[in-house]
Protein chains: 2
Amino acid sequence: MATATRASSAVNATAVADQIRSAIFAGELVPNQRLVEADLAEMYGASRGHVRTALSELTVEGVVERIQNRGARVRSVPLEEALEIVEVRAALEALCAARAARRLTDEEALVLRRIGSDMEAAVEAGDQAAYAQGNTELHSTLIRLSGQQTAAATIDRLRAQAVRFQYRLFAKPGRSRQSLPEHLAIIEAVCAREPENAARAMREHLMSVGQAIEESADSSIA
Amino acid sequence: MATATRASSAVNATAVADQIRSAIFAGELVPNQRLVEADLAEMYGASRGHVRTALSELTVEGVVERIQNRGARVRSVPLEEALEIVEVRAALEALCAARAARRLTDEEALVLRRIGSDMEAAVEAGDQAAYAQGNTELHSTLIRLSGQQTAAATIDRLRAQAVRFQYRLFAKPGRSRQSLPEHLAIIEAVCAREPENAARAMREHLMSVGQAIEESADSSIA
DNA sequence: TGTGACAATATTGTTCACAATCAGATCCAT
DNA sequence: ATGGATCTGATTGTGAACAATATTGTCACA
């Protein structure tokens, strides 16, 4: 292997876009960081042309910000917008939860309940990483079970924009103790095949997420 | 003026993307139509490079479909996906309606009521174009009044994908007679500052839109 | 010491030529 | 005729060279 930093040489623009997106998601590229085309080209073993169109695509996705003749940077999503994103996600994930409740098979119910007990165990053990993983798994599972691909794609895009705030949240002490019952309520409603309740539980959960984000932002400013 | 078809020479990729998007929206470019880079370049007075990145951006937006070495075409959204889009729009526009109901000023209420009476008059007069315009105005006004820019942007993108089905709908005979009361119910709920009812009315309206799309598709297949 | 003009450098924007690929046409052997 | 191989024209993909612009550094002068 030639260089350690180069994950794999990306041949086309889409591949470069994927790599940059992943890097942002992983926190390797932080908000407001400048994205110099030549550097990215070398880093990912692609031509500058590919990097250029990748940056264009990421700009459309809202992950990257571009200024004429001044280059691209990782877009910094302001708190206000992050709250908007959570609100939209609440509407969409509520839709997904309701659909999942309608379509759920018995096997899928078992999977959901397992995720629930894993999360309980994680809180019990004080294992934040495990809890965070359970959280991600629960949300993505419900989205998948909904069979609503348009909603899934939209949620994905929105999540990609607001990465930064996700991190903050799990660092907040006592957060899991508050959100665990919300998660369990969602699981119960879905497994009971109650679409209305599932949607409401999901909405309430994400509203609480929004509130937590707001509070953690307040405290970091003060 | 050199050529009649050239609306205005587009200087950068974003401008070209805007032009192509408009052309698709206006029905000048129909689904599955091939988009040859050289042709577009000449048509809009841009270089092929600009057209290329414009097509990349439109692909991310889901308006255009690209196949390796075979070029781009206007993406044809299958019925199934169109219904998904309406379902997602229902969730988002319901959110917007609820927010609009909470934030509504008295002046804004007057505007909404005026749109309502215009639509009534249009149905009375059998003026389909005026009704369609009222419909667009009502939806976009509510979205604007919600102050939810993330939702607004998301809805915009989804609408752009499903243009084709909008046209069909207004051609359906008796459609306006069915949807008018739905629209009026939305207006009433928002003006009464009842977020829950406004959201429900909007959801029901868009569910009925989805059903109408499904029916009109069935009949066009049979 | 500060400030403005100017030069040097870094970076992005644009175009173009050429390579790669594909769809359809043509031709030939069976 | 038919089926396959090959050729051809059209179109897309790629990279590099050049132009335009912004940023940084330098220096004289007040």
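Me: Angles over 145 degrees count as roughly antiparallel. At what angle do helix 4 of chain A and helix 7 of chain A pack?

Reply: In this predicted model, helix 4 and helix 7 of chain A pack at an angle of about 155°, and their axes are 10 Å apart. Since angles over 145 degrees count as roughly antiparallel, helix 4 of chain A and helix 7 of chain A are therefore roughly antiparallel to each other.

Me: Is the crossing of helix 4 and helix 7 of chain A left-handed or right-handed, and which residues make the contact?

Reply: Helix 4 of chain A passes helix 7 of chain A in a left-handed crossing. From helix 4 of chain A, the contact uses A:Ile85, A:Val88, A:Arg89, A:Leu92, A:Glu93, A:Leu95 and A:Cys96, while helix 7 of chain A brings A:Ala151, A:Thr154, A:Ile155, A:Leu158 and A:Gln161. Sorted by class, the residues of this contact between helix 4 and helix 7 of chain A are eight nonpolar, two polar and two charged.

Me: Okay, switching to the whole of chain A, how many helices and strands are there?

Reply: Chain A has 10 helices and three strands, and along the sequence they follow the pattern α-β-α-α-β-β-α-α-α-α-α-α-α. Along the principal axes, the C-alpha atoms of chain A fill a box of roughly 55 × 45 × 35 Å.

Me: And how many residues of chain A are in contact with chain B?

Reply: On each side there are 19, as 19 residues of chain A are in contact with 19 residues of chain B. The elements giving two or more residues to the chain A side are helix 3 (48-61), helix 4 (79-103) and helix 7 (149-161) of chain A. The largest share of that side, eight residues, comes from helix 4 of chain A. By class, the chain A side that touches chain B has eight nonpolar, six polar and five charged residues.

Me: What rotation superposes chain A on chain B?

Reply: A rotation of 180°, with 0.0 Å of shift along its axis, superposes chain A on chain B with an RMSD of 0.1 Å. The two copies are thus related as by a two-fold rotation axis.

Me: New topic, which residues are around DNA strand C?

Reply: From chain A they are A:Val36, A:Glu37, A:Ala38, A:Gln68, A:Asn69 and A:Gly71, and from chain B they are B:Asn12, B:Ser47, B:Gly49, B:His50, B:Asn69 and B:Arg70. Helix 2 (37-44) of chain A and helix 3 (48-61) of chain B each supply at least two residues of this surface near DNA strand C, which by class holds two nonpolar, eight polar and two charged residues.

Me: How many residues surround DNA strand D?

Reply: DNA strand D is surrounded by 13 residues, the closest being A:Ser47, A:Gly49, A:Asn69, B:Glu37 and B:Gly71. Here helix 3 of chain A and helix 2 (37-44) of chain B each supply at least two residues, and the surface near DNA strand D has three nonpolar, eight polar and two charged residues.

Me: Last one, at roughly what angle do the axes of helix 2 and helix 3 of chain B cross?

Reply: They cross at roughly 110°, and the axes of helix 2 and helix 3 of chain B come within 8 Å. That makes helix 2 of chain B roughly perpendicular to helix 3 of chain B, with helix 2 passing helix 3 in a right-handed crossing. In this pair, B:Glu37, B:Ala38, B:Leu40 and B:Ala41 of helix 2 of chain B meet B:Arg48, B:Val51 and B:Arg52 of helix 3 of chain B.

Notes:
Residues are numbered from 1 along each chain as its sequence is written. Chains are lettered from A and ligands numbered from 1 in the order in which they are written. This is a predicted model: local features need pLDDT of at least 70, side-chain atom pairs count only at pLDDT 80 or more; totals for chains, interfaces and linings use all residues. Two residues are in contact if their C-beta atoms, placed from the backbone, lie within 7 Å. Helices (H or I, at least four residues) and strands (E, at least two) are DSSP runs, numbered from the N terminus. Ala, Val, Leu, Ile, Met, Phe, Trp, Tyr, Cys and Pro count as nonpolar, Asp, Glu, Lys and Arg as charged, and the others, Gly among them, as polar. Copies are superposed by least squares on the C-alpha atoms of residues with pLDDT of at least 70 in both. A residue is near a molecule or strand if its C-beta atom, placed from the backbone, lies within 6 Å of it. Axes are lines fitted to C-alpha atoms, for helices over the stretch in contact, and angles run from 0 to 180 degrees between N-to-C directions. Angles under 35 degrees count as roughly parallel, over 145 as roughly antiparallel, 65 to 115 as roughly perpendicular and the rest as oblique. A crossing is left-handed if the near helix is turned anticlockwise from the far one by less than a right angle, and right-handed if clockwise.
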